[in-house]
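Hello,

Here is the structure I promised to pass on to you. Have a look at it first, and then read my notes on what turned up.

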Amino acid sequence: MAAKQPPPLMKKHSQTDLVSRLKTRKILGVGGEDDDGEVHRSKISQVLGNEIKFAVREPLGLRVWQLVSAVMFSGVAIMALAFPDQLYDTIFNEESASSKTPIRLYGGALLSISLIMWNALYTAEKVIIRWTLLTEACYFAVQFLVTTVSLVESSRIATGAVLLLVSRILFVLISIYYYYQVGRRPKKV
């Protein structure tokens, strides 16, 4: 008995059949827009994500500010640890503090913050950069308040302390500016 030959298969060319291609892409879930308005060209890009979305749009001068902050925190920390009397004398124009321990503890805390600042300088993650800028702004605001209260209690105005207060206000403003600039959503093109 002879086997019956099946009819020849007709190949469908999906490249030319636009409706078929659209149906296939819809079933696969590619080609459409997601919630952010991005069009995924493949399922792989949906699964892996688009790294451009997570890239930080760095404001001009951010890395310079981070470097200046890290150097400044490190410098004051080393000065507070090694030369507590000179640091106190520079700011308050007094001979010496009653105890060097609080100033050295201050230096240790600043050294810890400076390590965070140095590590934030080398990261590209938006959240880490924003948290370090917020930490920095909070530190400068607290230092401004503590120095102001100390000057009011002593009823003396030292030139170094006034310069410190003005610089702290400026540093708070710069840190807050960069904090908001890093947090802004990039404009859709």
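**Two packed helices, α6 and α7**

Helices α6 and α7 are roughly antiparallel to each other, since any angle over 145 degrees counts as such. Please keep in mind that this is a predicted model. The angle in question is about 155°, and the axes of α6 (residues 101–121) and α7 (residues 126–154) lie 9 Å apart. The crossing of α6 past α7 is left-handed.

Which residues in α6 and α7 meet? From α6 come Y106, L110, I113, I116, M117 and A120, and from α7 come I129, T132, E136, Y139 and Q143. Sorted by class, this contact holds 8 nonpolar, 2 polar and 1 charged residues.

**Helix α4**

Helix α4 covers residues 62–82, which makes 21 residues. From its first C-alpha to its last, α4 reaches 30 Å, close to the 30 Å expected at 1.5 Å a residue. Its buried residues are L62, W65, Q66, S69, A70, M72, F73, S74, A77 and A80.

**A161 in α8**

Is A161 buried or exposed? This residue of helix α8 (residues 159–183) has a relative accessible area of 0%, so A161 is buried. Leaving aside residues up to four places away in sequence, A161 touches I91 and L151. T148 is 13 residues from A161 in sequence, and their C-alpha atoms are 8.5 Å apart in space.

Conventions. Residues numbered from 1 in each chain as written. Predicted model: local features only at pLDDT ≥ 70, side-chain atom pairs only at ≥ 80, totals over all residues. Heavy atoms only, no water. Axes fitted to C-alpha atoms, helices over the stretch in contact; angles between N-to-C directions. Helix = DSSP H or I, 4+ residues; strand = E, 2+ residues; numbered from the N terminus. Parallel < 35°, antiparallel > 145°, perpendicular 65-115°, else oblique. Left-handed = near helix turned anticlockwise from the far one by under 90°. Contact = heavy atoms within 4.5 Å. Nonpolar A, V, L, I, M, F, W, Y, C, P; charged D, E, K, R; others polar. Expected span 1.5 Å × (residues − 1). Buried < 20%, exposed > 50% of the residue type's maximum accessible area, 1.4 Å probe, protein only.
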